[in-house]
Amino acid sequence: MGKKRANRKEAYRPAAAEDAPAMKSTVTSHTVGIVAIVGYVMLAVLVQVGTHHLVPIHAAGDYDGMRATGALAARTLAHVEPHIQPGVTTAALDAIVRDFIADNGATAATLGYRGYKHSSCISVNEVVCHGVPSTEVTLNAGDIVNVDVTTVLDGWYGDTSKTFVVGGEDAASDEANRLVRVTREALKLGLEGCKAGARLGDVTEPIHEHLTRAGYGVVNQFSAHGIGRTFHAAPFIQHGKGRKGRGLLLKPGMFFTVEPMANQGSTATKTLRDGWTAVTKDGKLSAQFEHTVGVVEGGCEVFTRVPGTDAFI
């Protein structure tokens, strides 16, 4: 589940009491100047060094927890897939997700998250992400639908999503099938650049190059994110930005999602009145694929794959 980029808000400052005595200022312009210079120096250092220190580094033993929750998240998508058929409502699919996760001793991270009342996000056609399951949304043959699930098992979060073609590829347009295929390819290309010693741009540049060459818009309004014992953590990753050899230095113990969202047309989105569902402004299709990974020497471990299968996603 991608994290929406927060809007900056002015810090709250309490009003002074009306009867408070006026305080004589002892701050000189010289002091203000020094404080300003120090602030600029600190900002420059932060820009140069980056926010690497904010990214959690997990211990070797933590990989076991991520493997377990990631496998369950992957199995949840595999379990719901046969039910993705024409005539089924997104609410019915969400109930299947909820029950399967609960039956396996876990909880859905989205359930109760910031007031969200469902166990998955289900995004149909022009919905980019965070589609709210509903009894009023019925799947039709030829639709594309992304199912996004996050499991919490023994305190560890596993986040994955996949875009399905309702009724199979023969039921959908060539344009819809191509969008789904190319977005899936972009995720795979990005993960090939993920390894200890690489930079974050080695992951994101192959993604946005592949998608833009195909003529698609790469959504930056919603980012991939760090994960582990928390749902969302640093680093926050925009798939439409970054260059090879630049960005965050990837180290063993870093856990994060990679989840490109590709729009058939413009990257512009809008959020519906429910406060969650994000759609393309131009009404064109959008697709997404997502894995949760852990950085290791020589590559990255994909936690959200079904054990014992060769399927990429």
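**Q288 and the cores**

Modeller: Q288 touches V128, C129, N146, D148, S161, K162, T163, T183, E259, P260 and M261, leaving out residues up to four places away in sequence; contact means heavy atoms within 4.5 Å. This is a predicted model, where local features need pLDDT of at least 70, side-chain atom pairs count only at pLDDT 80 or more, and totals for chains, interfaces and linings use all residues. Residues are numbered from 1 along each chain as its sequence is written, and side-chain values use heavy atoms, with hydrogens and water left out.

Biologist: Is Q288 buried or exposed?

Modeller: Q288 counts as buried because its relative accessibility is 1%. Buried means under 20% relative accessible area, with a 1.4 Å probe and protein chains only.

Biologist: Which side chain does the side chain of Q288 make a polar contact with?

Modeller: That of E259, at 3.0 Å. A polar contact is a pair of N or O atoms within 3.5 Å, and within protein one must be able to donate a hydrogen and the other to accept it; residues adjacent in sequence count only if both atoms are side-chain atoms.

Biologist: New topic. Which residues touch the most other members in the largest nonpolar core?

Modeller: L191, C194, L211, L250, F256, V258 and V293, out of 39 residues. Such a core is a set of buried Ala, Val, Leu, Ile, Met, Phe, Trp, Tyr and Cys residues joined through side-chain atoms within 4.5 Å.

Biologist: And what is V293 in contact with?

Modeller: Beyond its neighbours within four places in sequence, V293 contacts L191, C194, M254, F255, F256, V258, C300, E301, V302 and F303. Apart from this core lies another of 20 residues, including V97 and I122.

How values were computed: Buried < 20%, exposed > 50% of the residue type's maximum accessible area, 1.4 Å probe, protein only.
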